Amino acid sequence: MSAGPVRVGLAGAGWVTGHHLDAWGGLAGRATVVAIADPVRTAAEARAARYGIPAVFESVEEMLQETRLDALDVATPRETHVAICRMAAEQGLAILCQKPLAPTLREAEALVAELPESARLMVHENWRFRPHYRRMGEWIRAGRIGVVRGASLGVFTSGLLPDATGELPALVRQPMLAGLERMLLMEVMIHHVDTLRFLLGPLTLDGSSLGKGCAEIRGEDRATLFMSTAKGAPVTLAGDFMAHGHPPQQMDRLEILGAAGAIVLEEDGLTLHGGSRPEVMTLDLAADYAASYRATIAHFLDRLADGESFETAPADNLETLRIVEEAYRRAGRGG
């Protein structure tokens with residue numbers, strides 16, 4: 001690692017990289033994005049101009065050859081993750097890779113198995129780093145609701161229903177969703193599986209159901225997972241992107257029931273029940289979303305500095321992928 005701020009290369013210039021770059025910019029002095037690569041050069045140039053990135057490349061290979069880097073932030077399509085992580089690991093770079101680590105569990109396991117012991121790879125799983133989920137985790141670990149008896153997390157939006165103009169808001173926001181063979185669960189709800197694992201500990205998949213109603217996409221647009229905690233508490237995760245009566249933007253609805261209290265997240269309200277009176281707080285969801293990217297990247301830099309393990313290291317992230325892969329298999333869509 002070079003002296004001074006960590007020199008970062010960014011692989012990808014798509015929609016999500018704006019959030020990555022905002023977060024890197026908020027950590028000025030600790031790290032600097034010095035190069036960006038994307039096959040669509042105009043997209044990379046636009047990001048470079050907006051964020052003051054000095055070097056632009058059309059391929060990650062060229063960027064790695066031509067630029068002195070300490071770390072690589074991988075925010076490219078999932079099909080490219082394995083190859084890019086291999087190249088970065090061969091050069092001894094620290095790697096922050098967007099989820100999912102690979103399109104399938106088998107590919108992710110193969111990548112992890114071949115990495116040298118010295119490799120520093122963290123999966124960019126930012127959902128669990130949202131401030132309100134960190135607060136929930138603190139409450140649970142402090143025993144504020146007692147032993148967890150059950151949990152239910154819902155992810156419902158009308159994003160794949162036509163709006164007043166006839167467009168599908170989810171595809172306007174992220175057009176790439178349309179072409180994904182594995183859409184809702186692997187691209188979106190994988191976040192929620194990981195967050196539930198963060199909050200509740202190890203989970204076992206007991207059953208799953210997937211479905212598709214939108215003709216404009218290839219993959220599933222609804223999914224339900226039935227899981228259980230290590231102590232046998234039932235956990236349900238359900239999502240539907242064609243949910244009438246729900247807004248097009250995504251908002252989680254989570255209820256965790258404990259022997260001594262409960263935690264409820266609904267829209268921008270977070271409530272801790274238990275004791276003489278509920279604790280109620282109003283969230284700034286947009287601010288929490290931005291903060292999740294900063295916190296994820298700050299954690300990456302913290303662990304690079306102290307040499308300790310990443311919270312979302314490959315070994316941990318593979319546990320999330322195993323649940324997701326098994327859900328596809330049980331629904332008859334194994335890869």
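Ala31 lies in strand β2, which covers residues 31-37. The model is predicted. In it, Ala31 has a relative accessibility of 5% and therefore counts as buried, the cut-off being under 20%.

**Ala31 and its surroundings**
- Ala31 and Arg7 are 24 residues apart along the chain, yet 6.0 Å separates their C-alpha atoms.
- With residues up to four places away in sequence left out, Ala31 touches Pro5, Val6, Val8, Trp24 and Leu301.

- In soluble globular proteins, nonpolar side chains tend to be buried together.
- The largest nonpolar core here contains 80 residues, and Leu72, Leu200 and Ile256 have the most contacts inside it.
- Helix α8, residues 184-200, gives the most to this core, contributing 11 residues.
- A separate core of 31 residues lies apart from the largest one, and its members include Ala71, Leu96, Tyr293 and Phe310.
- Leu200 is in contact with Ile140, Val148, Ala151, Thr229, Val235 and Ile256, not counting residues up to four places away in sequence.

**Helices α6 and α8**
- Two packed helices are described by the angle between their axes and the distance between the axes.
- Helix α6, residues 131-141, packs with α8 at an angle of about 30 degrees, and the axes are 9 Å apart.
- Because angles under 35 degrees count as roughly parallel, α6 is roughly parallel to α8.
- On the α6 side, the residues that meet α8 are Tyr133, Arg134, Met136, Gly137, Ile140 and Arg141.
- On the α8 side, they are Thr195, Phe198, Leu199 and Leu200.
- By class, this contact of α6 with α8 has 6 nonpolar, 2 polar and 2 charged residues.

**Helices α5 and α10**
- Helix α5 spans residues 105-114 and helix α10 spans residues 314-330; their axes come within 10 Å and cross at roughly 165 degrees.
- Angles over 145 degrees count as roughly antiparallel, so α5 is roughly antiparallel to α10.
- The crossing of α5 and α10 is left-handed.
- Leu105, Ala108, Glu109 and Val112 of α5 meet Pro314, Leu318, Leu321, Arg322 and Glu325 of α10.
- The residues of this contact of α5 with α10 divide into 6 nonpolar, no polar and 3 charged.

**Asn317 in helix α10**
- Asn317 is also found in helix α10.
- The relative accessibility of Asn317 is 1%, so Asn317 counts as buried.
- Leaving aside neighbours within four places in sequence, Asn317 is in contact with Leu101, Val123 and Asp194.

**Backbone features in loops**
- Most residues other than glycine have a negative phi, and most peptide bonds are trans.
- Lys99 and Pro100 are joined by a cis peptide bond, with omega at about -15 degrees.
- Pro100 is found in the loop between β5, residues 94-98, and α5.
- Glu267 is a residue other than glycine with a positive phi, near 50 degrees.
- Glu267 lies in the loop between β12, residues 262-266, and β13, residues 269-273.
- At 51% relative accessibility, Glu267 counts as exposed, because the cut-off for exposed is over 50%.

Key. Residues numbered from 1 in each chain as written. Predicted model: local features only at pLDDT ≥ 70, side-chain atom pairs only at ≥ 80, totals over all residues. Heavy atoms only, no water. Core = buried A, V, L, I, M, F, W, Y, C linked by side-chain atoms within 4.5 Å. Buried < 20%, exposed > 50% of the residue type's maximum accessible area, 1.4 Å probe, protein only. Helix = DSSP H or I, 4+ residues; strand = E, 2+ residues; numbered from the N terminus. Contact = heavy atoms within 4.5 Å. Axes fitted to C-alpha atoms, helices over the stretch in contact; angles between N-to-C directions. Parallel < 35°, antiparallel > 145°, perpendicular 65-115°, else oblique. Left-handed = near helix turned anticlockwise from the far one by under 90°. Nonpolar A, V, L, I, M, F, W, Y, C, P; charged D, E, K, R; others polar.
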